[in-house]
Amino acid sequence: MSFDTLPWPAVIVSIVVVFVSGLTWFSRRGFFPAWWSAMGKGEGDVPGVGQSMPVVFGLTLVGIVIQAVAMALVVGLADQPLVGAEAWRRVAAAASAVTTA
């Protein structure tokens, strides 16, 4: 599978879903308070002081894009006859031949 044959709409949807779920997960109404207190921080501590939040979100987005494209490539490889389903069929046939002999 190459980049030309990737299912780009699925990759874009997965990027949006992962980014939005991460924003929801670490929001102030999500699990951020529990995570923040588990790190030993108090309510007076302000997260992100001295950091550029656009850089943080940008790098997060880059990581999500790399992950989504890599996953699409792996799933595409699993669809190949000798790597994916056909290989598993051959393994199952060999296993059943061994157990019935």
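In which helix does L73 lie? I looked this up at the outset and found L73 in helix α3.

**Entry 1: The model**

I noted that this is a predicted model, in which local features need pLDDT of at least 70 and side-chain atom pairs count only at pLDDT 80 or more, while totals for chains, interfaces and linings use all residues. Residues are numbered from 1 along each chain as its sequence is written, and side-chain values use heavy atoms, with hydrogens and water left out.

**Entry 2: Helices and the chain**

I counted 4 helices and 0 strands in the protein chain. Helices (H or I, at least four residues) and strands (E, at least two) are DSSP runs, numbered from the N terminus. Along the sequence I read the pattern α-α-α-α.

I then looked up accessibility, where buried means under 20% relative accessible area, exposed over 50%, and partly exposed in between (1.4 Å probe, protein chains only). Buried residues make up 11% of the 101 residues in the protein chain.

I returned to L73, which is partly exposed, with a relative accessible area of 23%. P7 is 66 residues away from L73 along the chain, yet their C-alpha atoms are separated by 9.4 Å.

**Entry 3: The core**

Which residues make up the largest nonpolar core? I listed 7 residues: L6, V11, I15, I64, A68, V69 and A72. Such a core is a set of buried Ala, Val, Leu, Ile, Met, Phe, Trp, Tyr and Cys residues joined through side-chain atoms within 4.5 Å. The elements that give two or more residues to this core are α1 and α3 (53–78). Helix α3 gives the most, with 4 residues. I also checked I64, which touches I15, V18 and F19, not counting residues up to four places away in sequence.

**Entry 4: A surface patch**

I found a nonpolar surface patch of about 480 Å², made by F3, W8, I12, V16 and V20. Patch residues have over 30% relative accessible area and no salt bridge; like charges are joined within 9 Å, and nonpolar side chains (Val, Leu, Ile, Met, Phe, Trp, Tyr) within 5 Å. A salt bridge is a side-chain nitrogen of Lys or Arg within 4 Å of a carboxyl oxygen of Asp or Glu. F3 lies in the segment before α1 (8–25) and is partly exposed, at 48% relative accessible area.

**Entry 5: Aromatic rings**

Rings of Phe, Tyr and Trp (its six-membered ring) pair if their centres lie within 6.5 Å; planes under 30 degrees apart count as stacked, over 60 as edge-to-face and the rest as tilted. By this rule I counted 6 aromatic pairs. F32 and W35 form a tilted pair, 5.8 Å centre to centre with 50 degrees between the planes. These two residues are 3 apart in helix α2 (residues 32–38), so about one helical turn separates them. F32 counts as buried at 8% relative accessibility, whereas W35 is partly exposed at 37%. The rings of W35 and W36 have centres 5.9 Å apart and planes at 50 degrees, so this pair is tilted. W36 counts as buried, at 12% relative accessibility. Finally, I noted that ring pairs link F26, F32, W35 and W36 into a cluster.

How values were computed: Areas by Shrake-Rupley, 256 points an atom, 1.4 Å probe, with all protein chains shown as cover. Contact = heavy atoms within 4.5 Å.
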